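Dear colleague,

Please find below the structure I am handing over to you. A short account of the findings follows it.

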Amino acid sequence: MSFTLGLVGARGHVGGELARLLAGHPGLRLARAASRQGVGEPLRAHLAHAPEDIVLEDMSPETIASWPVDAVVLALPNGLAAGYADALAARPRAPVLVDLSADFRFDPTWVYGLPERHREQIRGARRIANPGCYATGIQLGVAPLLGLLAGPPQAFGVSGYSGAGTTPSPRNDPERLRDNLMPYALTGHLHEREASHHLGHPVRFVPHVAPFFRGITLTITLPLARPLDSAALLARYRDAYADEPLVRVVADVPEVRDAADRHDVTIGGFQVDDRHAVVVVTLDNLLKGAASQAMQNLNLALGLPERHGVPHDPPLAAA
Ligand SMILES: NC(=O)C1=CN([C@@H]2O[C@H](COP(=O)(O)OP(=O)(O)OC[C@H]3O[C@@H](n4cnc5c(N)ncnc54)[C@H](OP(=O)(O)O)[C@@H]3O)[C@@H](O)[C@H]2O)C=CC1
Ligand SMILES: CC(=O)N[C@@H](CCC(=O)OP(=O)(O)O)C(=O)O
């Protein structure tokens with residue numbers, strides 16, 4: 001059985017990654033694509049791995065709602081998703097809708113698509129809000145210690161500049177970022193609220209953007225209610241994620257340059273000073289932070305194996 005997918009925002013960073021993953025998916029095919037610019041041009045002109053026959057369409061909600069597809073992915077900036085959700089909901093059998101933006105991450109009528117915490121709800125879901133990239137790393141880095149925390153964990157995060165999308169800004173300007181590390185949103189970043197909300201526990205988060213293109217590193221300090229040694233901490237994370245294909249627990253401190261192009265999250269470090277534990281989380285913001293996670297969610301929603309379209313890290317032949 002083969003399913004079809006329509007992609008809105010196909011020319012963006014995340015849209016491009018998703019199209020790349022779909023090219024290797026055995027049961028889900030990119031059938032339609034839309035973007036703001038380039039309408040009428042072959043998608044192949046923008047993305048080398050796109051199917052040959054796809055022409056970019058206009059991205060009006062009416063056009064998208066007319067697509068005869070099994071699933072639609074919105075890879076658009078924040079604030080645009082509601083018009084599509086409404087137009088698609090008016091169809092007799094609406095396709096599965098996965099939204100990459102932050103628009104519905106706090107809406108209880110949508111399923112929050114973090115498979116490691118909500119897999120059973122995602123199975124068969126029709127409307128899925130894909131988590132934010134930093135929020136994914138923070139939640140996976142904190143969750144195994146819920147119940148043992150004596151206060152809010154503090155997450156220091158650094159992202160590559162692809163996190164800021166393609167619309168020009170100081171946060172994706174390589175010249176401005178050269179030899180630089182730029183702090184921003186020192187309080188109240190959306191992902192602080194998102195991670196706190198979905199963990200049911202407050203976290204503090206300060207983001208930075210760096211001159212590399214892709215990848216996130218988070219150094220998370222966790223205040224503990226009782227002492228725990230480093231070995232016990234590592235064992236706790238290993239147990240929590242033993243069956244998770246896209247979470248890798250390592251004893252060493254992971255480095256962000258190794259996260260680029262990986263589909264999983266790596267959690268390591270596990271150093272403890274009395275009642276303060278520190279873990280380091282790395283991931284690729286465009287993959288587990290966006291496209292690979294969307295693929296997990298699409299597979300779960302459509303009843304397909306969760307790993308289809310999400311290659312192994314590293315490729316099995318090289319492992
Ligand atoms: N980048 C990342 O690391 C992550 C991004 N996300 C989320 O995924 C979504 C897509 O992100 P990303 O791929 O980085 O974004 P990009 O800026 O790279 O791409 C945005 C896409 O949306 C289209 N678009 C339509 N309307 C607008 C508009 N008004 N302004 C700008 N673009 C528009 C663009 O079309 P065109 O190119 O034709 O102009 C493009 O295809 C966002 O909601 C983002 O927050 C989530 C996790 C990680
Ligand atoms: C460097 C940079 O600007 N990073 C973005 C990453 C967030 C993101 O892309 O996720 P959502 O918008 O989907 O929540 C930011 O901090 O807003």
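Strand 12 (residues 247–249) and strand 13 (residues 265–273) run parallel and are joined by three bridges; strands pair if DSSP finds at least two bridges between them, and strands (E, at least two residues) and helices (H or I, at least four) are DSSP runs numbered from the N terminus. Val-249 has Ile-267 in strand 13 as its bridge partner. Strand 13 is also joined, by six bridges, to strand 14 (residues 276–283), and these two run antiparallel. Here Thr-266 has Thr-282 as its bridge partner in strand 14. Two residues lie between strand 13 and strand 14 in their hairpin, where Asp-274 takes a positive phi near 50°.

The model is predicted: local features need pLDDT of at least 70, side-chain atom pairs count only at pLDDT 80 or more, and totals for chains, interfaces and linings use all residues. Residues are numbered from 1 along each chain as its sequence is written, chains are lettered from A and ligands numbered from 1 in the order written, and side-chain values use heavy atoms, with hydrogens and water left out.

An oxygen atom of ligand 1 is 2.8 Å from a polar backbone atom of Val-14, and one is 2.9 Å from an N or O atom in the side chain of Arg-11.

Yours sincerely

Technical notes. Polar contact = N/O pair within 3.5 Å; in protein donor to acceptor, adjacent residues only side chain to side chain.
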